[in-house]
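Please read them with the coordinates open.

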There are 2 protein chains.
Amino acid sequence: MKKKKAVREERSIGALLAPDIIELLKISPADVAAETEAMHPADLADVVELIPRKRISALIAALPPDRAADVLEYVNDRLRNELLAELTTAQAATVVAQMEPDERADALEELTEERADEILEAIPAAARRETEELLAYEPNTAGGLMTTQIVSVPASETVERALLMVRTIARGGRREAMNTVYVTDEAGRLAGVMSLRELLAAAEGARVGDVMTTEILSVQPTADRDDVASLISEYDLVALPVVSEQGNLLGMVTVDDVIDVIQEESTEDAQRFGGLEALEEPYMESTFLNLIKKRGGWLCVLFLGEMITASAMGYYEDDLAKAVVLTLFIPLIISSGGNSGSQATSLIIRALALREVTLRDWWRVAGRELPAGLAFGTLLGLLGFARVEIWQYADIYNYGPHHFLIALTVGISLIGVVTFGTVVGSMLPFALRKIGFDPAFASAPLVATLVDVTGLIIYFSVALFLLRGSLL
Amino acid sequence: MKKKKAVREERSIGALLAPDIIELLKISPADVAAETEAMHPADLADVVELIPRKRISALIAALPPDRAADVLEYVNDRLRNELLAELTTAQAATVVAQMEPDERADALEELTEERADEILEAIPAAARRETEELLAYEPNTAGGLMTTQIVSVPASETVERALLMVRTIARGGRREAMNTVYVTDEAGRLAGVMSLRELLAAAEGARVGDVMTTEILSVQPTADRDDVASLISEYDLVALPVVSEQGNLLGMVTVDDVIDVIQEESTEDAQRFGGLEALEEPYMESTFLNLIKKRGGWLCVLFLGEMITASAMGYYEDDLAKAVVLTLFIPLIISSGGNSGSQATSLIIRALALREVTLRDWWRVAGRELPAGLAFGTLLGLLGFARVEIWQYADIYNYGPHHFLIALTVGISLIGVVTFGTVVGSMLPFALRKIGFDPAFASAPLVATLVDVTGLIIYFSVALFLLRGSLL
């Protein structure tokens with residue numbers, strides 16, 4: 001009876017089940033539905049994603065509608081859309097009607113408007129209205145995330161009556177987490193909150209209004225999903241109520257939806273920092289064409305930016321011809337600026353995303369990054385100086401009679417380039433936020449590109465200053 | 001009564017409260033404690049972090065012990081350690097005794113062993129034993145994350161008796177989320193689970209064993225926190241039970257702890273990808289020396305790696321002297337390889353972290369990235385070719401009589417470098433995982449460094465092949 005699952009390492013649940021699927025494929029969809037009855041919907045969704053594409057709709061249609069709805073909540077978006085398009089409208093409506101209101105809205109939002117309307121027409125009127133209300137909110141807002149299946153009781157009820165009400169609702173088979181009981185005043189506005197535990201712990205005979213917590217965090221439906229996630233995470237909440245401007249309770253956002261938001265935001269930030277447009281789907285589900293589009297655009301932009309290096313170097317071509325030895329250190333010097341910039345940018349983007357620092361902290365950050373950049377520059381400058389001199393004296397490479405000046409040029413340039421890279425890398429996310437962009441657009445490649453051009457100019461300026469009259 | 005908080009944008013709760021603090025500072029710690037009674041502990045923690053350092057211990061000592069415990073759970077780790085070191089042992093023990101068992105173990109783990117022992121000696125025996133057991137687990141495992149404050153009832157009890165038991169426990173004032181009720185068999189092993197809602201919904205007179213869910217996901221205390229987070233997130237769980245090898249219930253990991261784990265892991269991955277060692281504390285709390293240490297090490301390693309570019313270019317110095325014009329495109333070409341590599345790496349690291357791809361998918365990824373790299377290489381190669389020819393014909397720059405061959409060299413090199421960068425960038429995370437490292441060590445700077453050296457060799461090889469007899 002008891003199913004214990006060892007922690008998986010390198011394999012998905014679906015993969016673990018693969019041998020069973022082979023078995024399942026020999027039997028009819030109805031039998032599959034019966035056989036997999038005890039399986040967690042997330043696991044069944046993994047199985048569904050692995051079986052041959054043409055058998056999937058038959059299996060979904062053979063599942064009881066509430067089971068099918070659960071499974072569709074876990075399969076990937078693209079497959080869910082395809083299945084909801086393939087099923088008959090009646091079949092699709094039966095399944096969709098069984099979904100949680102927030103999941104239902106999410107699922108319909110992904111379909112063509114025509115198909116979504118067909119399905120909406122065919123589901124019960126109450127569910128349809130509820131869904132239409134949710135569909136009116138932007139997907140990336142509290143309204144787009146919230147479920148309307150909430151439990152609320154009037155403040156004037158006794159604890160015992162409230163428990164009875166909750167019990168009746170629970171027996172009604174609502175599935176969403178019901179651990180939070182909201183309390184409303186006589187005008188229907190949100191007045192308090194209690195956990196189911198607190199309701200159980202309350203003295204018999206007490207009024208709900210006397211035992212509820214009145215310190216409530218709430219958001220309006222237009223609140224950004226980022227803000228919702230950060231409130232839930234900062235205050236360790238299980239759910240956050242969503243209220244209208246008048247204070248009326250509209251729904252709640254639960255912590256499991258927030259985990260998805262946090263994961264998605266982290267993924268988007270990581271991809272942007274890597275220098276591409278965020279994918280909207282998992283890597284393996286993204287089409288090849290989409291991958292090309294999301295990456296090619298930025299690659300071209302960065303390439304066009306980097307073209308300035310060719311122009312900058314063209315400006316110094318005559319000097320380069322006189323001192324070819326200078327070219328040897330170009331990659332070393334400009335990449336050091338890019339590396340120190342990339343470090344600083346990743347720190348600041350993340351600190352901004354977690355709200356550890358805010359826009360007005362920029363000068364405090366600059367006050368740490370400038371000395372840090374000078375320290376790194378001095379460190380690498382010494383290494384660079386030593387590299388030239390050691391190679392010279394150990395006879396590994398002959399930099400000519402002016403080797404000391406060349407070593408000095410490399411060392412001093414590194415101080416300048418690394419300090420510049422660190423400061424630019426740390427300030428760019430602030431600058432982007434200031435002008436209204438996502439700081440995560442300050443990608444490692446973008447910082448490197450910005451620093452490359454300046455790095456070359458710093459290097460050649462130092463060289464012209466130090467080597468004028470000797471090598472140049 | 002009702003406290004509504006608008007969604008914050010660029011300011012922390014603490015900052016919002018700053019004017020009030022000025023007020024608070026004029027009054028005694030006891031009055032501050034009374035004045036802030038209704039404040040969420042997370043908000044009070046923000047206030048504590050803002051008031052002058054020397055007043056904090058007095059305020060903490062003036063709070064009721066359970067309130068002080070709540071606040072210490074939300075202040076930053078460094079401050080909490082300092083405060084627990086400053087309070088008298090008796091004060092510290094009173095506060096620590098009121099913490100959740102898992103928070104208590106976390107707090108003591110950060111102190112010196114001597115101080116932790118002093119405090120442990122002074123707390124009640126039951127709490128001490130519980131804490132010592134938790135301290136025995138590694139912090140990054142399920143055992144290190146779990147709380148032992150769980151609610152369990154025997155399977156043989158009736159629903160009504162079970163509800164009564166839960167109610168008694170709830171009235172006992174336990175604070176951790178009690179929405180999950182675990183069910184044990186006669187040997188004390190985990191046999192099933194029910195939510196408080198399901199217990200309330202169950203028919204009166206039924207036995208717990210008949211209504212519980214027997215499909216239980218559980219982990220052993222040694223399970224990695226990453227695996228715990230991924231199970232809770234994949235299955236939308238509120239809590240995950242932790243059981244011994246024999247199946248005995250030891251504790252549970254709750255979803256709010258998992259959010260912290262997910263945030264921490266994302267932060268660590270982002271910082272590693274940026275090319276530094278992950279900080280263990282928020283950016284602003286990290287000491288300057290620590291920042292230098294975490295970044296300086298990798299900067300030096302990358303610098304030493306990048307030194308190979310100077311050697312590689314030294315090898316071609318005679319060719320460079322003959323064709324200085326070739327040097328102009330070095331930054332452009334090698335950075336394009338780094339950029340495409342950085343994109344691919346960020347995609348794959350994230351897909352591995354979210355378990356969208358696993359180690360054995362490497363050849364499927366290579367099968368997408370190789371053509372993607374060729375496509376990007378061709379795109380940038382055409383742009384590079386056009387850049388040289390357009391500048392030549394528009395008379396912006398004179399590349400000499402062999403401009404066409406130079407343009408061809410740049411174009412073909414870009415195809416090679418970008419393809420190489422894309423493939424290396426996508427395969428490096430797999431290679432690192434294969435040899436037992438965290439794929440996130442494949443940072444953008446590391447990929448760029450790897451690609452820079454090879455990029456130079458590709459560029460010069462193409463040049464030697466195409467320009468031999470003309471320019472070289």
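This is a predicted model: local features need pLDDT of at least 70, side-chain atom pairs count only at pLDDT 80 or more; totals for chains, interfaces and linings use all residues.

1. Local features are taken up at pLDDT of at least 70. Side-chain atom pairs count only at pLDDT 80 or more.

2. Helix pair, geometry. Helix 19 of chain A (residues 330-353) packs with helix 22 of chain B (residues 444-467). Their axes lie 10 Å apart, at an angle of about 165 degrees. Angles over 145 degrees count as roughly antiparallel. Helix 19 of chain A and helix 22 of chain B are therefore roughly antiparallel to each other. The crossing of helix 19 of chain A with helix 22 of chain B is right-handed.

3. Helix pair, contact. Helix 19 of chain A contributes A:Pro331, A:Ser335, A:Gly338, A:Asn339 and A:Ser342. From helix 22 of chain B come B:Ala444, B:Pro445, B:Ala448, B:Thr449, B:Asp452 and B:Leu456.

4. Helix 3 of chain A. This helix spans residues 41-50. Eight of its 10 residues are buried, so helix 3 of chain A is largely enclosed by the rest of the structure. The buried residues are A:Pro41, A:Ala42, A:Asp43, A:Leu44, A:Ala45, A:Asp46, A:Val47 and A:Val48. Please note A:Asp43 and A:Asp46 among them.

5. Strand 4 (residues 239-243) and strand 5 (residues 249-254) of chain B run antiparallel, joined by five bridges. One of the pairs is B:Pro241 with B:Met252.

6. Cover of strand 4. Is strand 4 of chain B mostly covered or exposed? It is mostly covered: five of its five residues are buried. B:Ala239, B:Pro241 and B:Val243 point one way, while B:Leu240 and B:Val242 point the other way. Both sets are buried.

7. Sheet in chain B. Three strands form an open sheet in the order 1-2-3, with mixed pairing. Strand 1 (151-154) and strand 3 (190-195) of chain B are the edge strands, each pairing on one side only. Neighbouring strands of this sheet are turned by 30 degrees against each other on average, direction ignored. Strand 2 (residues 180-184) and strand 3 of chain B pair in the antiparallel sense over five bridges. There, B:Thr180 has B:Ser195 as its bridge partner.

Technical notes: Residues are numbered from 1 along each chain as its sequence is written. Chains are lettered from A and ligands numbered from 1 in the order in which they are written. Axes are lines fitted to C-alpha atoms, for helices over the stretch in contact, and angles run from 0 to 180 degrees between N-to-C directions. Helices (H or I, at least four residues) and strands (E, at least two) are DSSP runs, numbered from the N terminus. Angles under 35 degrees count as roughly parallel, over 145 as roughly antiparallel, 65 to 115 as roughly perpendicular and the rest as oblique. A crossing is left-handed if the near helix is turned anticlockwise from the far one by less than a right angle, and right-handed if clockwise. Two residues are in contact if their C-beta atoms, placed from the backbone, lie within 7 Å. A residue is buried if 20 or more other C-beta atoms lie within 10 Å of its own, exposed if 12 or fewer, and partly exposed in between; C-beta atoms are placed from the backbone. Two strands pair if DSSP finds at least two bridges between them.
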